[in-house]
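Reader: I have a structure to look at and would like to go through one part of it. Please take it step by step.

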Amino acid sequence: MLGPKGDPAFSAKFKEFMRVHLLNKFNEFHHSEDRVPVPWDYLIAYLISAHLGIVQHWLEQDCDHSPWDMAWMFTRMTQLSPIQSAGLKK
């Protein structure tokens, strides 16, 4: 689905699903564009691309981690910076 022979429409649907989900999650914080250092649309684009890339990598690695492990990694990488997620900075 997400590989080189996959359907590009699936990737687009995945991105739209994630965009709507993230907008709903961030809605409580989304009061004013001038109060955030990174505009919301760029933050959401970053998160969607990161999540899609992780799913693609997981599939390319023949799902070498359990779905639970993947959910934990998604959560950790989303809540912490990539540097903190790797344990390189506290």
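Predicted model: local features only at pLDDT ≥ 70, side-chain atom pairs only at ≥ 80, totals over all residues.

Reader: What span is expected for helix α2 at 1.5 Å a residue?

Author: Helix α2 covers residues 40-60, which is 21 residues. From its first C-alpha to its last, α2 reaches 30 Å. That is close to the expected span, which is 30 Å.

Reader: Is Trp40 buried or exposed?

Author: Trp40 is found in helix α2. Its relative accessible area is 10%, and buried means under 20%. Trp40 is therefore buried.

Reader: How many degrees around the axis do the buried residues of α2 cover?

Author: The buried residues in α2 are Trp40, Ile44, Leu47, Ile48, His51, Leu52, Val55 and Trp58. They lie on the same side of α2 because the arc they cover around the axis is only 125 degrees.

Reader: Which helices do the buried residues of α2 pack against?

Author: The residues in question include Leu47 and Leu52. Their partners are α1 (8-26) and α3 (67-79).

Reader: How far apart in space are Trp40 and Phe26, C-alpha to C-alpha?

Author: Phe26 of α1 and Trp40 of α2 are among the residues that make the contact. In sequence they are 14 residues apart. In space, C-alpha to C-alpha, the distance is 8.6 Å.

Note on methods:
Residues numbered from 1 in each chain as written. Heavy atoms only, no water. Helix = DSSP H or I, 4+ residues; strand = E, 2+ residues; numbered from the N terminus. Expected span 1.5 Å × (residues − 1). Buried < 20%, exposed > 50% of the residue type's maximum accessible area, 1.4 Å probe, protein only. Arc of directions from axis to C-beta. Contact = heavy atoms within 4.5 Å.
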